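Here is a briefing on one protein chain. Look over the sequence and the structure first, then read on.

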Amino acid sequence: MSDSNNPAHYGLVLPLDGETRIRRKSIFESGSEASSPQTPIPVNYDSGSLTASDDEADQQLKEKSYLAYNPPPDGGYGWIVVVCCFLLEFFAEGPTSAFGVFQDYYVNEKFQGQVSNATISLIGVLNSSCMAILGVVSGKLCERFGYRIVPLCGVFTLSLGYFLASFATQPWHLLLTQGVLCGVGAALTFLPAAVIPSQWFERRRGLATGTVNLGIGVGGIVWTQFNHMLIKRISVAWVLRLTSIIVLALCTASILLIKTFQSTPVQQKPNLQSLRNRNLLTFMTASFFTGISSLVPFFYLPGYAKDIGISSGGGALITSIANGASLTGRLLAAMFSDYFGPVVILLCAYALTSTSVLLIWTTTSSFAGTMAFGIVFGLGYGAIFTQTSAFVAKFFGKNLLCAQQKRLASKVTVQSVDTLPVFVGLYYTVSGLGYPFGPPIAGVLLEKTREWGTPYLALKLYCGLPMVIALMAIVAVKVNTRRNAA
C-alpha cells in the first residue's frame, strides 16, 4: 500500500467499529506531519481505496499512539518538568509574597515621611495585578509561540525590572519597574509553569500541580529572610541586583529543560459556552473577592508587628512562618485533592482563611496570637492557590474532552489540554481585578482609623469580609455540584 493510500498518512485511525477517528500525533514523533494540521477525510470502507485489512486493523488497535489523545505518562520526564516549573513559580511569584519586607523598608526608611503605606502597597499590587490580569494574554501567547519563547521573554523582562528598580530614587520609579515591569515578566513566566504539568499527569494531576505551586510558598519563606537580612547589610539596591542575576540565570536554565507532552495540531478557540457554566462563574466570583483579601496580610504583617511592639526581625519571622504554613497548605491540598476533589479542598481552605482573620487576627495583639494567625491563614491561603490548575483541568481539560468525544465522536471539535492556559489565565485575570481593591484601600483605612485605639481593626475587617463572601461562593459551587449529581 502506498503512502497516499495509507490511513495513517492522513492521520486517520480505522477501528473495527467502523467509525472514523482522528489521530493527533505527539510532539515527540518524528516527521513533519506532527506539526501540520490534520483534518478528517471521509472514508468509504466499501470503495477499496482506503479499506484497512484485518492485519492492519489489528496492528492499529495495538498501537496506543493511534488513539485520539495519547494518555499522559503520570511520571517519567514529567517529574523533571515539575521541578523546573517549581523553580519558575519560586522566582516569579515567591518575591511577591515577601514584598511586605520591601514595603516596611520603603515607608519607614528609604522614603520616610514622603509616602504612605497605601502608596507603597501599589508597587506590590501592580506587580500582582499585572501578573494576574495578563494571564489570558500569556496563555494565548503560549498557544501561538510555544512554551519556551514566551517564558524566556518573561524571565528577561522580570530580571530587567529588578535591575532597573535598584536605581530608583523616587516612588514612581518603583511603580514602573518593581511594579509594572516585574509584573509583566512574572505573568509571562509563571503561567506556563502552572499549565504544563497538567499535560504530563492525569491520575496524579493534583499532586503534580500542587507540588509546582509549592514554589510560591517556599519562595515566600526564602525571599522574606533573604530580603530582610541583606537589605540591612548591603542595601536594598544590591538586593534587587542580586535578585535580577539569580532570576535570569536559574529561570533560563529551568525553561530550557521544560518540555510539553502533547499539543493539538489545530489551533482551537476556547468554547465560549463554557463561560456560561454556573460553577465556573461562581468560582470566578470567589476568585475576585479572594484577590481583594489575599495580599493584605503579607503586605502589612511586618508593619503591624512593629506597631504592636514586635521587632522588625519578629515581623519578618511571622511573615516567613505564614509563608511556611502556606507551603504546608499547598502540600496537604495537593495530597488530598485527588481524593476529595478541588471543590471540597477549597471549601476547607476558605473556611480556614475566614476564621483566621475574623476570629484570631481581630482579637489579638500579641506575638503568639499574630503567629497563630499567620499559621492558620497561611494554611488556607496555600490550599486555595494550589488548586487552580486542577480545578480548571477538571472542567476544561482532557477528562471533559474524552467525555464529549465519546458522545459526539468526531462530529464536533472539542477542547483539549491546549486550551488550559486560557482558562487558567482567566482565573488569574479575575483575581487580578480584585488586587487593586485590596492593599491600597486597606492602607487608606489604616491611615484614617489609627485613632480608634485598636490597631489595624478596620484593615482586619476589610481583609476578612471578602473571604467570607468567597467562602459562600464555594459553598454554592458545592451545593450546585451535589444537586446536579443527584
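The points below cover helix packing, salt bridges and cysteines.

This is a predicted model. Helix α4 (residues 99-110) packs against helix α5 (residues 117-133). Helix α4 also holds aspartate 104 and glutamate 109, each of which forms a salt bridge with a lysine. There are 0 disulfides.

**Packing of α4 and α5**

- Two packed helices are described by the angle between their axes and the distance between the axes.
- For α4 and α5, the angle is about 145°. Their axes lie 10 Å apart.
- The two helices cross in a right-handed sense.
- On the α4 side, the contact is made by Phe99, Gln103, Tyr106 and Val107.
- On the α5 side, Asn117, Ile120, Ser121, Ile123 and Gly124 meet them.
- By type, the residues of this contact are 5 nonpolar and 4 polar, with no charged ones.

**Salt bridges**

- Side chains of opposite charge can pair when their charged atoms come close.
- The structure has 2 salt bridges.
- One joins aspartate 104 and lysine 306, with an N to O distance of 3.3 Å. Aspartate 104 sits in helix α4 and lysine 306 in helix α12 (residues 296-307). The pair links distant parts of the chain, 202 residues apart.
- Is aspartate 104 buried or exposed? Aspartate 104 counts as buried because its relative accessibility is 15%, under the 20% cut-off.
- Glutamate 109 is partly exposed, at 41% relative accessible area. Lysine 232 has 52% relative accessibility and therefore counts as exposed, the cut-off being over 50%.

**Cysteines**

- How many disulfides does the structure hold? The number is 0.
- Cysteine 85 is in no disulfide. The nearest cysteine sulfur belongs to cysteine 84 and is 6.9 Å away. A disulfide needs the two sulfur atoms within 2.5 Å.
- Cysteine 85 is buried, with a relative accessible area of 0%.
- Cysteine 251 also counts as buried, because its relative accessibility is 1%.

Conventions:
Residues numbered from 1 in each chain as written. Predicted model: local features only at pLDDT ≥ 70, side-chain atom pairs only at ≥ 80, totals over all residues. Heavy atoms only, no water. Buried < 20%, exposed > 50% of the residue type's maximum accessible area, 1.4 Å probe, protein only. Axes fitted to C-alpha atoms, helices over the stretch in contact; angles between N-to-C directions. Helix = DSSP H or I, 4+ residues; strand = E, 2+ residues; numbered from the N terminus. Left-handed = near helix turned anticlockwise from the far one by under 90°. Contact = heavy atoms within 4.5 Å. Nonpolar A, V, L, I, M, F, W, Y, C, P; charged D, E, K, R; others polar. Salt bridge = Lys/Arg side-chain N within 4 Å of Asp/Glu carboxyl O.
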